[in-house]
Amino acid sequence: MSADAVIRMPDETNGVILRGHPMVFLVTGENTKYTSMFDWTIPAGFATGRHVHRVQEETFYLLEGECEWHVGDRTIRATPGTYLFIPPGVPHNITNISEQPARVLMTVSPPGHEHYFEELAKLAAQGAPDPKALADLRNRYDTDQLSTLTTRA
């Protein structure tokens, strides 16, 4: 972790490509001991699958597009300006229900989930990840998968 301020200009795109769209790492465990923050472009039709984190808490702020979140027993139809805080132990999923990419600011606390996304990008670069490899990856990064990740072709 560095003790320096982090300033990201709009043309800085450090991060990964997931399903052909960028996930920009804004702040990570290299910069802070408290949280990671991402600018995530979610492809049309993509769904994370219902999952739960044992330790991590997440926040989402929808910037562009239209997504549906299932959080606990609630279904939220999110439009730009919608904010969600999801504490550990609450099952949830995210689905881009539109025909266009959606964009969210996402935080994960404590930091380190950027390594999950780095490994996921490597798995997804060869096509649909092997379900066992994906399950192993998620388990290593505080994620119990309750339903399958899906995407439209």
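Two strands pair if DSSP finds at least two bridges between them; strands (E, at least two residues) and helices (H or I, at least four) are DSSP runs numbered from the N terminus. The model is predicted: local features need pLDDT of at least 70, side-chain atom pairs count only at pLDDT 80 or more, and totals for chains, interfaces and linings use all residues. Residues are numbered from 1 along each chain as its sequence is written, and side-chain values use heavy atoms, without hydrogens and water.

**Exercise 1.** Find how many bridges join strand 3 and strand 10.

Solution. Strand 10 covers residues 102–109, and strand 3 covers residues 36–42. The two pair in the antiparallel sense over seven bridges. In one of these strands, strand 10, Ala102 is the bridge partner of Ile42.

**Exercise 2.** Trace the order of the strands in the open sheet and explain which strands stand at the edges.

Solution. Step one: six strands form the sheet, in the order 1-2-3-10-5-8, with antiparallel pairing. Step two: strand 1 and strand 8 (83–86) each have a single partner strand, so one side of each lacks a neighbour in the sheet. Step three: from one strand to the next, the twist averages 20° (axes are lines fitted to C-alpha atoms, for helices over the stretch in contact; angles run from 0 to 180 degrees between N-to-C directions).

**Exercise 3.** Describe the hairpin of strand 1 and strand 2.

Solution. Strand 1 (residues 15–18) and strand 2 (residues 21–27) run antiparallel, joined by four bridges. Leu18 has His21 as its bridge partner in strand 2. Two residues lie between the strands, and Arg19 takes a positive phi near 50°.
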